Amino acid sequence: KDPKCTLCQKGKSWKGGTCEDCDAGHFQDEAGQFDCKPCAAGTYEVNLRSCKPCDKGTFSGAGSATCLTCIPGKTSNPGAPNCFDCEAGRSRNADQAECEPCVAGKQSKGGEPSCTECLKGRYQPDSDKGFCRLADPGYFVKEKGQTKQEPCAQGEFSSGSSNTRCTKCERGKYDNRFESNDYTTIAQCDENDRSAKKDKCGLNTCKSANAGHYVPNPGASEQLECEAGTYAPNRGSSECLEAAAGYYVENTGATEQKSCPKGRYSNTPGA
């Protein structure tokens, strides 16, 4: 062995008659080598003698000296050669190492730098969700970023879904939610719904007044019986008809007028 010959040390290779440091992104973990080896994808070079896996949320190609941070909306596993989208219901911004779950009232379809608030007419009661729920018929969501839908107020309804407000029942129709007497207020019904995790307090259509009844004003929560001397032959009446001359209506809630018997008469409407 020539005493003048010296092996290149680890982290170096033989170039142009001398030992030189490995290029950035390359390493050599053995002495006396002609060439340095590139770091594998998903790793980065450390002190020219070894490579280390990239941290979570970073990546690298082959022969890299450093790892790059995944762009917002994406992340990676440790030692990854590339990034992937955050899954639905999660997001990641530039300051986060991992994809974080969306809080209630927000959503993310996946691959997004931030979660977005639920739009008006939509809501989301749970975290880590990729979509917002549509407000059900009979309910509404007035503002963005809501975690629950609200049942229409007494005397109001909403048809279809994604409603941002409710509409008053028109004349001749009314809110019949409390005819069963199970509840006396919307709040009481809604509280029971939430504890049972179901939504049944909304009103998606107003009920037409029965024959013999009427609803004179919009936004009503009950129907009224026609008074004696008046009647309503059809459903959905906003007023009762007066008995015509020669006819009478004896009882309340009548659906028709009756002719005066023979030998009697009535010349006063509404008798």
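User: What is the torsion about the S-S bond of C39 and C51, and is the disulfide left-handed or right-handed?

Analyst: A disulfide is taken here as a pair of cysteine sulfur atoms within 2.5 Å. The torsion about the S-S bond of C39 and C51 is about -80°, so this disulfide is left-handed. C39 lies in the loop between β4 and β5 (43-46) and C51 in strand β6 (residues 50-53), so the pair ties together parts that are 12 residues apart in sequence; strands are DSSP runs of E of at least two residues, and helices runs of H or I of at least four, both numbered from the N terminus. This is a predicted model, in which local features need pLDDT of at least 70 and side-chain atom pairs count only at pLDDT 80 or more, whereas totals for chains, interfaces and linings use all residues. Residues are numbered from 1 along each chain as its sequence is written, and side-chain values use heavy atoms, with hydrogens and water left out.

User: How many disulfides does the structure hold?

Analyst: The structure holds 11 disulfides, including the one that joins C22 to C36, with an S to S distance of 1.9 Å. Another is formed by C102 and C115, whose sulfur atoms are 2.0 Å apart, and both of these cysteines are buried. C260, by contrast, is in no disulfide, the nearest cysteine sulfur, that of C226, being 19 Å away.

Terms used
Buried means under 20% relative accessible area, exposed over 50%, partly exposed in between (1.4 Å probe, protein chains only).
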